[in-house]
There are 2 protein chains.
Amino acid sequence: MPYQSFIPPRRTLMGPGPSDVYPNVLSALSRPTLGHLDPLFIQMMDELKALLQYAFQTSNPMTLAISAPGSAGMEACFVNLVEPGEKVIVCRNGVFGGRMLENVKRLGAEAVVVDSPWGRAVEVDKVAQAIKAHPDAKFLAFVHAETSTGALSDAKALCALAQAAGMLTIVDAVTSLGGVPVKVDEWGIDAIYSGSQKCLSCVPGLSPVSFSQKAVDKIKSRQTPVQSWFLDQSLVMGYWEGSGKRSYHHTAPVNALYALHEALVQLHNEGLEQSWLRHSQMHELLAGGLAKLGLELIVPEGERLPQLNTVRIPDGVDDGAVRARLLNDYNLEIGAGLGDLAGKAWRIGLMGYGARRENVTLCLAALAEVLGH
Amino acid sequence: MPYQSFIPPRRTLMGPGPSDVYPNVLSALSRPTLGHLDPLFIQMMDELKALLQYAFQTSNPMTLAISAPGSAGMEACFVNLVEPGEKVIVCRNGVFGGRMLENVKRLGAEAVVVDSPWGRAVEVDKVAQAIKAHPDAKFLAFVHAETSTGALSDAKALCALAQAAGMLTIVDAVTSLGGVPVKVDEWGIDAIYSGSQKCLSCVPGLSPVSFSQKAVDKIKSRQTPVQSWFLDQSLVMGYWEGSGKRSYHHTAPVNALYALHEALVQLHNEGLEQSWLRHSQMHELLAGGLAKLGLELIVPEGERLPQLNTVRIPDGVDDGAVRARLLNDYNLEIGAGLGDLAGKAWRIGLMGYGARRENVTLCLAALAEVLGH
């Protein structure tokens, strides 16, 4: 049986990620591979670190990209910071808060869950009560931008509560980074992870992370070794450290890091504020158009993520058939609902390079045709 | 401060990996990104699975690529199969056997270490004695091709010993897969992991793995959850399963999987036997040339990896200066020694696309010039 190269069609990616990838990021991917200890590659990594610090708005030296997707970034934050038996307050308003809980359980820590409704922001008052009720909790963990629902939570307020109580914060910024303000130093975030394939418009497979000095101190004072060798940040940093000899930990995903570098150069040269504004403007356009089609956003105004719009599927409309027609006839991908919203919602992403006028126009016009407007 | 794209030079990669990447693999990397649940992408993954089964010479249904480098593949094998308190016989004849030991310790299992000299194969007799002394051990773990030393161990004999004792085997094939025979079904290997960046000549970042039915049964009968959510293969398989609805686990590294598919198409179309032969022929050429330069291979004949040649650095020769001249003046990378061999050896890789005549000739001629022959 002969095998052939796989030649994918060009889709417009407007689901929950991967998002449309910048063409120059795809070009960067295919540049010649260097050795992972090559001095030129290490220079590139130093620059990549500076670019990640810019994206996260932080001066944390422990800022780098985990060599695996966002869910590994999540796990890296939990297994490095939290030790068995410690108490973590986990906010859950969608799938990814639930995944945080799973991480806490598997490492043998104790979780206190604060549930907020799906499609809504994390309820700050409820978190304040939980903090008061559990003064022995060491961590507050929450998802800034819930990819499963499109809700944006008030990271600044949540971090302020945690700080006042002497707790460390673990923040999921997979879908928020680059699309809405994320200010690690100003808000006092201690551990944060993101993904390459959302508003950074890089290919999937990497997870940018950053750890505050307090987080680093916590890691250094651990009584037990980190359960994962691959994700042990004290070892990983031996490779990412800017000064002196790099020590080998694992082989870095060289070409993927070229791509992330290129995506961050793009973000830097556009400017974070301009990127946030663009996402917001494209969201307004899309939301206006959806309303004209009689389609309703699930998340109330003020709690909406501009980069991820959760649309209620109208009664009598066949979810799968609509998405299949968009994909097959228009090469346009929108996302299905996830978890509690499966079959009830579509998720329309406007992330990074995907947040541009032609995408909004195509999506609205194609939806109108498919829905028979 | 303005940032620029990173434009790497074209190096000839003859270190311990990443190896020279096939040009068509680099092209495949930059093809348009599809959604990770796109039906066309899922078709590609089904084909990728069949190609991985070919490379591993197995019909194991649980054969896939972990979305992270080889060290995560190693960890996936240990944390899925081994439970806390279980006993594992770990063979150590270099850095990567030591890393296996680290994995066993961190998951709370008990390790029995069988040490063999660096630069030599794992001693089968010693392993037989350890198995006899520890009838309660459930696993035998060893490195088939030690990347730190260039020694090839007798995987077939080691697996036969384990099988006779009713033990499961965990095998590191990071550097062996594609370069020398690896026969998962014939030898009865239960869990095996490799890397994309060695003899497959794909970019670094993925770890092909395969699990036998006995391994799957062991995973299914676990008393405790797998400590890593990201690496939990019972969840990962929900996404890779060939039939029915794919369930979302994490976002697959779409473009990296295109590249792995392309590399495996290349391997399949060349044929495994031909690939093994080519590695062996190029090794003979290199070894003959090194001998003429008065350079000595550390590993004795019969235990040498054709794809990784460990050369003793002659007295009075400056290790770093030689490698820097090769890199800067010839764009040629060879590897430094690792662990016990740091400063004492060079590692010259002939892996995948790197195992070709022009590379051998360039390497020998450049070494001759730099060493002043």
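Visitor: Where is the place of Asn60(B)?
Guide: In this predicted model, Asn60(B) sits in the loop between H2 and E2 of chain B.

Visitor: Is Asn60(B) buried or exposed?
Guide: Asn60(B) is buried, with a relative accessible area of 7%. The cut-off for buried is under 20%.

Visitor: Which residues is Asn60(B) in contact with, leaving aside its neighbours within four places in sequence?
Guide: With those neighbours set aside, the contacts of Asn60(B) are Gln53(B), Val184(B), Asp185(B), Ser210(B), Phe211(B), Ser212(B) and Gln213(B).

Visitor: And what separates the C-alpha atoms of Asn60(B) and Pro135(B)?
Guide: A distance of 27 Å separates those C-alpha atoms, and the two residues are 75 residues apart along the chain.

Visitor: Staying with the loop between H2 and E2 of chain B, what about Gln57(B)?
Guide: Gln57(B) lies in that loop. Although Gln57(B) is not a glycine, it has a positive phi of about 55°. Most residues other than glycine have a negative phi.

Visitor: Is Gln57(B) buried or partly exposed?
Guide: Gln57(B) is partly exposed, at a relative accessible area of 30%.

Visitor: What is phi of Ser201(B)?
Guide: Phi of Ser201(B) is near 55°, which is a positive value in a residue other than glycine. Ser201(B) is found in the loop between strand E9 (191–193) and E10 of chain B. Ser201(B) is buried, with a relative accessible area of 0%.

Visitor: Turning to peptide bonds, which form has the one from Gly17(A) to Pro18(A), cis or trans?
Guide: The bond from Gly17(A) to Pro18(A) is cis, with omega near 5°. Pro18(A) belongs to the loop between strand E1 (12–14) and helix H1 (23–29) of chain A. Most peptide bonds are trans.

Visitor: What joins Gly17(B) and Pro18(B)?
Guide: Gly17(B) and Pro18(B) are joined by a cis peptide bond, with omega about 5°. In chain B, Pro18(B) lies in the loop between strand E1 (12–14) and helix H1 (23–29).

Visitor: On to the chains: what rotation superposes chain A on chain B?
Guide: A rotation of 180°, with 0.0 Å of shift along its axis, superposes chain A on chain B at an RMSD of 0.0 Å. That is the relation of a two-fold axis. The same surface serves both copies, as 100% of the contact residues of chain A recur in chain B.

Visitor: Which residue of chain A comes closest to the rotation axis?
Guide: Ala68(A) comes closest among the residues of chain A, with its C-alpha at 2.5 Å from the axis.

Visitor: How many cavities of 30 Å³ or more does the structure hold?
Guide: There are 6 cavities of 30 Å³ or more. The largest cavity has a volume of about 180 Å³. Of the 17 residues that line the largest cavity, Pro204(A), Pro253(A), Ala256(A), Pro253(B) and Ala256(B) are the closest to its centre. Its lining has 12 nonpolar, 5 polar and no charged residues.

Visitor: How much space lies in the second largest cavity?
Guide: The second largest cavity holds about 130 Å³ of space. It is lined by 15 residues, and those closest to its centre are Tyr248(A), Ser71(B), Phe96(B), Arg99(B) and Val174(B).

Visitor: Which elements give two or more residues to the lining of the second largest cavity?
Guide: Those elements are H3 and helix H4 (95–106) of chain B. H3(B) provides the largest share of that lining, 3 residues. By class, the lining of the second largest cavity has 7 nonpolar, 5 polar and 3 charged residues.

Visitor: Next, which residues are buried in helix H9 of chain B?
Guide: In H9 (residues 233–240) of chain B, the buried residues are Gln233(B), Val236(B), Met237(B), Tyr239(B) and Trp240(B). Seen down the axis of H9(B), they fall within an arc of 155°, so they line one face of the helix.

Visitor: What do the buried residues of H9(B) pack against?
Guide: They pack against helix H2 (39–56), strand E2 (62–66), helix H3 (70–81), strand E10 (207–211) and helix H10 (254–270) of chain B.

Visitor: Last topic: where does His279(B) lie?
Guide: His279(B) lies in helix H11 (residues 272–292) of chain B. His279(B) is buried, with a relative accessible area of 0%. Apart from its neighbours within four places in sequence, His279(B) is in contact with residues including Gly178(B), Cys199(B), Pro306(B) and Leu350(B).

Definitions and conventions:
Residues are numbered from 1 along each chain as its sequence is written. Chains are lettered from A and ligands numbered from 1 in the order in which they are written. This is a predicted model: local features need pLDDT of at least 70, side-chain atom pairs count only at pLDDT 80 or more; totals for chains, interfaces and linings use all residues. Side-chain values use heavy atoms; hydrogens and water are left out. Copies are superposed by least squares on the C-alpha atoms of residues with pLDDT of at least 70 in both. Contact means heavy atoms within 4.5 Å. Buried means under 20% relative accessible area, exposed over 50%, partly exposed in between (1.4 Å probe, protein chains only). Helices (H or I, at least four residues) and strands (E, at least two) are DSSP runs, numbered from the N terminus. The arc is that of the directions from the helix axis to the C-beta atoms. On a 1 Å grid over the protein atoms alone, a cavity is a set of points where a 1.4 Å probe fits but cannot get out, and a pocket is an open set with protein on both sides within 12 Å along at least five of seven lines; lining residues have an atom within 4 Å of a point. Grid points are joined across faces, edges and corners, and a volume is the space filled by probe spheres set on the points. Ala, Val, Leu, Ile, Met, Phe, Trp, Tyr, Cys and Pro count as nonpolar, Asp, Glu, Lys and Arg as charged, and the others, Gly among them, as polar.
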